[in-house]
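Please keep the structure open while you read.

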Amino acid sequence: MVTPCDVPVGVITGDNVVKLLQHAKDNGYAIPAFNCTSSSTCNAVLEAAAKHNSPVIIQASNGGAQFQIGKSIKDKNACAIGSVAMAMHVRTVAPLYGVPVILHSDHCAKKLLPWFDGMLEADEAYFAQYGEPLFSSHMLDLSEEPDEENIAICVEYFKKMAPMKIWLEMEIGITGGEEDGVNNEDVDPEKLYTSPEQVYSVYEALSPIGNMFSIAAAFGNVHGVYKPGNVTLQPERLLNHQAYTKEQISSSEDKPIFLVMHGGSGSTDDEIATAVSAGVVKMNVDTDTQWSYWDGTRKFVADNHDYLQGQIGNPKGPDAPNKKFYDPRVWIRKAEESMIERCGVSMEKLGSKGTFEPKKPESGSTPVYNFKPIAHNPIKDAVEGVSKFVAGALGK
């Protein structure tokens with residue numbers, strides 16, 4: 001049995017993120033990262049984590065964040081604001097579930113960098129007020145760009161993130177399929193496999209800035225849903241990446257890199273296990289939980305068809321009310337229950353189930369408004385402000 005990682009419950013940031021991901025790598029499990037699009041899906045993920053004794057990652061995609069704020073909102077900052085809205089919801093409720101939560105943003109292609117900039121702006125404002133960033137981590141997916149440009153932009157952003165201790169996830173090599181408007185369905189198959197040299201070039205560029213980064217290296221992964229066996233995955237390649245970097249840096253650690261797996265749908269249990277054993281500490285899950293959420297609704301509608309054809313009138317009589325069936329709290333709950341079950345499947349496959357006994361707070365002990373600004377020293381703040389100004393002027 002794995003000794004639980006010594007990190008707080010609720011949203012964790014900074015050193016605690018490093019501690020948790022290192023614990024996952026050292027103990028041979030990965031943490032599932034679920035894309036969420038509403039408070040309902042966030043709550044389902046948190047409930048699943050508490051039910052299955054697992055840490056968890058909740059992440060917002062650009063499209064998911066737009067849905068979060070409302071599809072009718074066309075403001076240029078809508079996706080950033082939607083991401084912040086989700087983050088604030090998770091921060092408010094997560095402590096009640098008693099598990100550690102990494103708050104993450106998913107794939108950000110070059111064309112979506114204004115969204116990333118907006119979230120970083122929120123991180124900076126939150127950091128100034130509370131001493132930690134709003135999000136635990138962010139992902140840059142510049143895999144469509146030439147490697148040199150991809151890495152250079154990641155370096156630029158990592159330098160902004162490192163002072164706040166925000167984890168950076170980046171991707172090199174292309175994940176096939178289509179997600180959030182990025183279509184790689186017709187990509188050259190060879191580009192679906194990242195080389196050890198590519199992975200090391202990322203490590204070489206980012207490690208001088210800090211250790212809080214992970215690499216999504218492609219090994220045949222495809223976004224979307226496919227039957228197991230219909231996707232040609234080669235997770236054993238990940239061990240080659242680890243071995244190559246270990247040799248280059250003369251590391252005493254067999255797996256010096258934090259790796260991430262995307263496009264897990266269609267992967268066999270053995271392929272997932274091989275990836276985790278090679279140092280994958282996070283796997284994205286979206287398509288399968290989308291289906292499970294709908295499937296819970298579908299089954300409810302099928303089972304209660306005759307009670308969902310009007311506000312009044314069902315097999316019990318023409319005047320019998322149906323409110324207890326069409327109330328959104330009823331059928332959305334069925335969607336949540338189905339998603340909770342599917343989240344548990346991912347936790348079991350990745351080995352995170354049973355690695356963290358929930359520490360739920362005593363009823364009434366969690367503040368209703370659980371946001372406490374840090375106390376500032378005006379003189380110290382002024383000195384730090386001048387120091388930053390001088391450093392900026394000197395180009396440091």
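What is the relative accessible area of C154, and is C154 buried or exposed? C154 is buried, at a relative accessible area of 1%. Buried means under 20% relative accessible area, exposed means over 50%, and partly exposed lies in between (1.4 Å probe, protein chains only).

1. Ground rules. This is a predicted model, where local features need pLDDT of at least 70, side-chain atom pairs count only at pLDDT 80 or more, and totals for chains, interfaces and linings use all residues. Residues are numbered from 1 along each chain as its sequence is written, and side-chain values use heavy atoms, with hydrogens and water left out.

2. Cysteines. A disulfide is a pair of cysteine sulfur atoms within 2.5 Å. The whole structure has 0 disulfides. Take C154: its closest cysteine sulfur is in C108, 9.9 Å away, and that is too far for a bond. Now take C343. The closest cysteine sulfur to its own belongs to C36, at 7.5 Å, again too far for a bond. C343 is buried, with 0% relative accessibility.

3. Salt bridges. The rule is a side-chain nitrogen of Lys or Arg within 4 Å of a carboxyl oxygen of Asp or Glu. The count is 15 salt bridges. One network of salt bridges links E47, R333, K334, E336 and E337.

4. The pair E253 and K25. Their side chains form a salt bridge, 3.3 Å from N to O. E253 sits in the loop between α8 (237-249) and β10 (259-261), and K25 in helix α1 (residues 15-27), so the pair ties together parts 228 residues apart in sequence. Helices (H or I, at least four residues) and strands (E, at least two) are DSSP runs, numbered from the N terminus. E253 is partly exposed at 29% relative accessibility, whereas K25 is buried at 5%.

5. The pair R91 and E132. This salt bridge spans 3.1 Å, N to O. R91 belongs to helix α4 (residues 78-93) and E132 to the loop between α5 (113-130) and β5 (137-140), so parts 41 residues apart in sequence are tied together. R91 is buried at 10% relative accessibility. E132 is partly exposed at 24%.

6. The pair E169 and K282. Here the N to O distance of the salt bridge is 2.9 Å. E169 is in strand β6 (residues 167-172) and K282 in strand β11 (residues 280-285), so the bridge ties together parts 113 residues apart in sequence. Both E169 and K282 are buried.

7. Strand β9. In β9 (residues 213-217), 5 of the 5 residues are buried, so the strand is largely enclosed by the rest of the structure. In a regular strand, side chains alternate between the two faces of the sheet. Both faces of β9 are covered: F213, I215 and A217 are buried on one side, S214 and A216 on the other. Strands pair if DSSP finds at least two bridges between them. β6 and β9 run parallel and are joined by 5 bridges. M170 has I215 in β9 as its bridge partner.

8. W115. This residue lies in helix α5. W115 is buried, with a relative accessible area of 4%. Contact means heavy atoms within 4.5 Å. Leaving aside neighbours within four places in sequence, W115 has contacts including A60, N62, C79, S83, H107 and C108. W115 and N77 are 38 residues apart along the chain, yet their C-alpha atoms are separated by 6.9 Å.
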